Amino acid sequence: MKREVYLDHAATTPLHPAVREVMLPYLGEKFGNPSSFHSIGKIVKDDVDTARARIAEILHARPDEILFTSGGTESDNLAILGYARKNQQEGKHLITTTIEHHAVLEAMIHLEKKEGFEVTYLEPDREGLISVDQVEKVLREDTILVSIMYANNEIGTIMPIADMGNMIQKWRDEHKRPFLKFHTDACQTPEYLDLDVEKLHVDMLTLNGSKMYGPKGMGLLYLKRGIKLQPLQFGGSQERALRPGTEHVAGIMGMAKSLELAQANREEESVRLAKLRDAFIEGIQSRISKTRLNGHPTKRLPNNVNISIMDIEGEAMILYLDAEGVYASTGSACTSASLDPSHVILALGLPYEVAHGSIRFSLGASTTEEDLAYVLEVLPPLVEKLRSISPVRVDEKYFV
Amino acid sequence: MSHKQEPIKGTQGDVTTADNAKSWFYTDVVKDHFFNPRNFMHADAHEEDFNAIGKVGSPACGDELRVWMKVDPETERITEFRWKTFGCGSAIASTSMASEMVTENGGMTLDEARALKPQDIMERLGGLPQRKFHCSVLCDKALRDAINDYYRRTEQFDKIIVEASRIIDPVSKVTDKDIEEAVLEGAHTLELVQQKTKVGIGNPGCLPAVEEIIRFYKEKYFG
């Protein structure tokens, strides 16, 4: 049988068997509605409460600060749209970066274009990082929200969220602007980074089940006590009426388990994957000429490898790799419905042809040294073949 | 965008193999040409052995295509057609397929080649996903560019067809090419073309001309 190597864990992860185990009763006999007053509902309500408390404990938060949602996109939208709309009398200036996930960017663009907010988009340096200074420089008296991702989903760069949070907290106190809040999208991080919201000094934090071996269609928003949001949907009083609707109980139970597993193993797993990652990057760059690592070499997630291979186009590369049983993704326009190349790679100051040739390999729990050795074996001849039919020769200043 | 796109002749949605065992974006014919591209320009080939060259696109737009043709001066049939592309799966497959179509059965005459439409290439490929339609258009344009080049080199200037763009709406600076692109992307009504290009929004006087161009390109590509 052909070898299959899944290297797209930043897109989604498989469900951990232990998570599946925890979820199954709620797809079967434990079907009750947590809002019901009878025992069938009560059993389930107790379980949801336990899961919420367990998650709060891991994040170093209080149970009532955890809101369950349908995923990362909803959590980001609820944080940004909900906070901005509810608190606009305090100011209409928002700060974010040009390399955020679309769930943040599109919400910001909407507020800017349709609801009269002003948004400052910070640009990363050539390594894909945003500094604390950059944020501090653009803070204003009328700034009410800063939203910056913890780690980038395409190039894996890790932002100094704790330092930013610390600075924002000080600025808030000095300028007496209690309504200035800090949100971070941490969807890519649970398996690798510290999620203690006190250490991070964040007011809101987004997590997504499907990126941490948990269920799809499941996310959460940590919302610090006292912060008011305008809900995006209306109905019952679930999730403090900020996110009404009968709970996705199986999802909640699975999310709690997956977060627990991810955080318990994160230090060990980070060391293991960083070693594999660095050897893999070295392997690609020593076997293939004219490549460029996108994103900072060390301030990046231990599972992220994003490389532009010059003179060829990413979609063709992904399809050739697919035929060899290797599953990765690309920043090329050709794979996106919009036909626009990756906004993240372009934000690094690189030309379109470099974005079109970018490939992301995101490692995960199942990734072994043998898997990566196999990729290193099949990749170079594919690159050579595609280069032989390409008329493009990218200027060397972009890959040295 | 909330509008529903009309299906383009020769295109399909995301293609799935018949056995459904593995969904794939492309048909088997597309895959065959993609994995085994025909007639690409080998590294050891010499440009001077060809008597017509065409080029279209740029890597900045994600696609660049160059073609090299040998035209028999006696019969004006295409005897050889070679290419190189910086492009995705559908760009590679469309060009590979086109290279077979223009050279098979003794080769097309230049007039026949000029009559070749992007849809003809797509039909032979068994369809392309709708949003990949522009890839086969690219290949059609490179072929036209090479045909013009042949006529230029043989000093048959009256046969050159220049497809220069001209400004249709001086206010929005929208050209006929912009409208062509919009139609290719599925905007088949004045409203949809306006959504994409803003043509005529501040200058309604040009709208009759715009509508005529939309009709022309709809007929050309989808008729």
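Me: Two residues are in contact if their C-beta atoms, placed from the backbone, lie within 7 Å; by that rule, which elements of chain B do the buried residues of α8(B) pack against?

Reply: In this predicted model, the buried residues of α8(B) pack against α4 (118-124), β6 (167-169), α6 (176-184) and α7 (190-197) of chain B. The buried residues in question are B:Val210, B:Ile213, B:Ile214 and B:Tyr221.

Me: What makes these buried residues line one face of the helix?

Reply: Looking down the axis of α8(B), one finds its buried residues within an arc of 105°, and therefore they line one face of the helix. The face turned away from that buried side carries the exposed residues B:Pro208, B:Glu212 and B:Glu219.

Me: How do you know that the span of α8(B) is close to the one expected?

Reply: Helix α8 of chain B runs over residues 207-222, which is 16 residues, and its first and last C-alpha atoms are 21 Å apart, close to the 22 Å expected at 1.5 Å a residue. The expected span is 1.5 Å times one less than the number of residues, so the value to compare with follows from the helix's residue count.

Me: Turning to chain A, why is it called as compact as a globular protein of its length?

Reply: The secondary structure of chain A comes to twelve helices and 13 strands. Its radius of gyration is 22 Å, while the globule rule gives 21 Å for 400 residues; the two values are close, so chain A is as compact as a globular protein of that length. Along the principal axes, its C-alpha atoms fill a box of roughly 65 × 55 × 35 Å. Of its 400 residues, 50% are buried, and among its contacts with a separation of 6 or more, 73% join residues 24 or more positions apart.

Me: Why is A:Leu78 called buried?

Reply: A residue counts as buried if 20 or more other C-beta atoms lie within 10 Å of its own. A:Leu78 has 27 other C-beta atoms within 10 Å, and it is therefore buried. This residue is found in helix α3 (residues 72-86) of chain A. If its neighbours within four places in sequence are left aside, A:Leu78 is in contact with A:Thr69, A:Leu221, A:Leu229, A:Leu232 and A:Arg243.

Me: What makes strand β10 of chain A largely enclosed by the rest of the structure?

Reply: Six of the six residues of β10(A), residues 304-309, are buried, and so the strand is largely enclosed by the rest of the structure. The burial covers both faces, with A:Asn304, A:Asn306 and A:Ser308 on one side and A:Val305, A:Ile307 and A:Ile309 on the other.

Me: How do you know that β10(A) and β13(A) pair, and in which sense do they do so?

Reply: Two strands pair if at least two bridges are found between them. Between β10(A) and strand β13 (residues 358-362) of chain A there are five bridges, in the antiparallel sense, and A:Val305 stands opposite A:Phe361 in β13(A). Strand β9 (residues 291-293) of chain A also pairs with β10(A), over three bridges and again in the antiparallel sense, with A:Ser308 as the bridge partner of A:Arg292. Two bridges join β12(A) to β13(A), which run antiparallel, and there A:Ser329 has A:Arg360 as its bridge partner.

Me: What order do these strands take in their sheet?

Reply: Four strands of chain A form an open, antiparallel sheet in the order β9-β10-β13-β12. Its edge strands are β9 and β12 (329-330), each of which pairs on one side only.

Me: In the sheet of seven strands in chain A, why is one side of β2 and of β4 left without a neighbour?

Reply: The sheet is open, with mixed pairing, and its order is β2-β8-β7-β6-β5-β3-β4. Strands β2 (66-69) and β4 (118-122) stand at the edges and have a single partner strand each, so one side of each is left without a neighbour in the sheet. On average, neighbouring strands of this sheet are turned by 20° against each other, direction ignored. One of its pairings joins β3 (residues 93-97) to β5 (residues 143-147) of chain A in the parallel sense, over three bridges, and A:Ile95 stands opposite A:Val146 in β5(A).

Me: Where does chain A touch chain B, and which element gives the largest share of that side?

Reply: In all, 22 residues of chain A are in contact with 18 residues of chain B. On the chain A side, the elements that give two or more residues are α9 (314-323) and α11 (352-356), and the largest share, four residues, comes from α9(A).

How values were computed: Residues numbered from 1 in each chain as written. Chains lettered and ligands numbered in written order. Predicted model: local features only at pLDDT ≥ 70, side-chain atom pairs only at ≥ 80, totals over all residues. Axes fitted to C-alpha atoms, helices over the stretch in contact; angles between N-to-C directions. Buried ≥ 20, exposed ≤ 12 C-beta atoms within 10 Å, placed from the backbone. Arc of directions from axis to C-beta. Rg over C-alpha atoms; globule rule 2.2 N^0.38 Å.
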